[in-house]
Amino acid sequence: MIWDALFSTLFLAAVLRVATPLLLAAMGGLISETAGVPNITLEGSMLSGACAGALVGGFTGNPWLGLIAAIVGGAIIGILLGVLHLEFGADPIIVGIGLNLLVAGFTTFIVFSLLGDKSGTSSLGRNLLPTIEPGPLAGIPFLGDVLLGQHILTYVAFLVWAAVALLLARATFGVHLRAIGQNPLAAATAGISVKRLQYAAVIICGSLAGTAGAFLSMGYVSSFIRDMTAGRGFIALAAIFLGGMRPLGVGFAALAFGFFEALSIRLGNLDVPSQLVQTIPYIATLIGLGLFAWRETTRRRRGSGATGQRRRPVTPGADPA
Amino acid sequence: MTATESAAVAPPVPGDDREAARARVHRQRRSDLVAAFVAMIVTIVIALAIGFVILLIVGKDAVAAYEWLLTGPFSRTTRIGRVLIDTTTLTILGLSVAIPFRAGLMSLGAEGQLYMGALTAAVVGLAFPLPPGLGILVPALAAMVAGAIVGFVPGWMKAQFGANELVSSLMLNTVLVRIYGYILTEYLTEEGSTSVASAYLPNESLIPTFTQLTGVSFDQANLAVVLVPILAVAVWLILQRTSLGYEVRMTGSNRLFAAYGGISSRRVIILSFIISGAIAGIAGAHLVQGVNGRALLTLSVGTGFTGIMIAILARNNPIVIPFAAFFYSYLKIGGDVMEQELSVGTEIVNVILALIVLLVTSQFVMSLVKRRRLSRLEAKGQP
């Protein structure tokens, strides 16, 4: 019964849907991490985007304006992180914690102030970005019911994945990003403007996370709900580490988390204790994180150094060798 | 974030005698302390002012709102009691994260450790009838052990594999909170109970409340308040007067230097996570044995992160943490009162506090003060 459920087209379509925000946010986070700015504001940017999108979309009745607002809402968080970290030299992780709390408080406060309802913006009515209609292709198995008919931002997410992979591998901008992440001093000596690129990275990151938020409040469900990101930003962060900071790996890690989350939703309907099923994505992350770090450690010990310098090196001496 | 103790000190001028140099060091340190204190006050005022402007912009009666926010906690004894409850919980949580933070480790696992501590305290308190005294101690100690065990996991993963402790402790939080919910729903909730909660613990396991002791209603505030100074001093002693504390501080201020000096960062990582977990476990015991008298499904959302904010506000100084926790709790209860009286969202308090955290970490005010002091020195013609 479970296996039937897993390979049903409905389930596979659900995986793509659930993975969309993770994929978008993880790609944003990947750019920021690559440029050497640890970014845990994915959660806050996503929430900010979800709220801004739902409010602007709801008040104007135009979901596309909502999407723009969501992107701006996410980018603002990125800019704040950039200013506090790059100009004032504040610890990016602590700034991230502060920004996440700021957004969580501010979104609830503003929704309550505007609409008098703490739980969310459902009083503004349903407000959705379109899904792509499969049209005459609907009858084709797999293609018709899994790949087609998805929300428009799901396709955007996959395009972003491809774009980020190309950008980091081929484009000058991407190569420079990698250079400043690995050795900012050397990059600066080579004439790369480190600060400007890092600003670009956190703003792109915020925009992508904001887009992920737009998907949540204008696609996954049809309004903003208080704290609706529910830790997705941190799962996206885990995907970055699990994917070894490479676009291909990070994308597949995000899809894997989408799979486990869809699985937990699916199993929750099948009379398996839902609380335990809900832990699956997180336990998978923990195991994956441990395995990945273990592989890195052993590889480094062999002295191949093939993975190159990591931004946050493993503690010297943590290595039992 | 760890370099709190040693502010920049001018090198002694050759020819100066030692006494004068020492006096100058002390004077410098004192004026640094004063500057830090003034900067904190200015920071709080700036954050409150921004909150005030936000209230004005959304069209609320900002003056009345701030009146309730700042005086509300003293308007009823029960509200004073709630300030005390939150101060206790948050002091414990802030102290718990201060140790790994001092070692430069981002442990965000306090939430999960708190839930496991609460679960263990409830199970032990319900399963073993104990005489008074032991009845309070044994479940609380068990909660510490449970917290230490789950605190060990991300520490071990970090020390053994180099797994990023921030992500692993966060992931573990979610897992532990769900497991808590599962065990509570399936095994501890009694048949026919209307809500998901365990049975009440026997009286011997409950921490006496001030309401019982004084006859005046202080909500559920209880004698666990005495833990606030005790734990603060204990953590201070661990950090300042033990070799482990020395190793923690060295690792935090310069990891490479500490490693070359022969400090095993493996030991520092694992021990600081274990101690941190044990302390967070006490917070869980406090909620079960003191505040609620039983295990509830939702203990308090996001307390773990609030504890982290407290530690950041206090700059990981264990003696300052209780004051930061009191400050937060005071504003939070004030915010709740404000919401009841004026229907102004209490979340503005979280906005204000997040602003304070951001201003503090960016040393916004401090950098202004330093700049002014420098320009004044230059004006005097001193180097």
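Reader: How many salt bridges are there between chain B and chain A?

Author: This is a predicted model. One of the salt bridges joins the side chains of A:K118 and B:E347, with N to O at 3.3 Å. That distance qualifies because a salt bridge needs a side-chain nitrogen of Lys or Arg within 4 Å of a carboxyl oxygen of Asp or Glu. Between chain B and chain A the count of salt bridges is 3.

Reader: Which helix supplies the largest share of the side of chain B that touches chain A?

Author: Several helices of chain B each supply at least two residues of the side that touches chain A, among them α1 (18-57), α5 (134-161), α6 (165-188) and α11 (265-292). The largest share is 13 residues, and the helix they come from is α6(B).

Reader: How many nonpolar residues does the side of chain B that touches chain A have?

Author: On chain B, 55 residues are in contact with 48 residues of chain A. By class, the side of chain B that touches chain A has 7 charged residues, 15 polar ones and, as for nonpolar residues, 33.

Reader: What area do chain B and chain A bury between them?

Author: The size of an interface is often given as the accessible area lost when the parts come together. Here 78% of that area is on carbon and sulfur atoms. The total that chain B and chain A bury between them is about 4,500 Å².

Reader: Is A:T107 buried or exposed?

Author: A:T107 is in helix α5 of chain A, residues 92-115. Leaving aside residues up to four places away in sequence, A:T107 touches A:L47, A:S48, A:C51 and A:F224. The relative accessibility of A:T107 is 5%, and the cut-off for burial is under 20%, so A:T107 counts as buried.

Reader: Within what arc do the buried residues of α8(A) fall, seen down its axis?

Author: Helix α8 of chain A covers residues 172-182, and its buried residues are A:G174, A:L177, A:I180 and A:G181. They line one face of the helix, because seen down the axis of α8(A) they fall within an arc of 125 degrees.

Reader: Which residues are exposed on the other side of α8(A)?

Author: The buried residues of α8(A) pack against α2, α7, α9 and α10 of chain A. On the other side of α8(A), the exposed residues are A:T172 and A:Q182.

Definitions and conventions
Residues numbered from 1 in each chain as written. Chains lettered and ligands numbered in written order. Predicted model: local features only at pLDDT ≥ 70, side-chain atom pairs only at ≥ 80, totals over all residues. Heavy atoms only, no water. Buried < 20%, exposed > 50% of the residue type's maximum accessible area, 1.4 Å probe, protein only. Helix = DSSP H or I, 4+ residues; strand = E, 2+ residues; numbered from the N terminus. Arc of directions from axis to C-beta. Contact = heavy atoms within 4.5 Å. Buried area = accessible area lost by both parts, 1.4 Å probe. Nonpolar A, V, L, I, M, F, W, Y, C, P; charged D, E, K, R; others polar.
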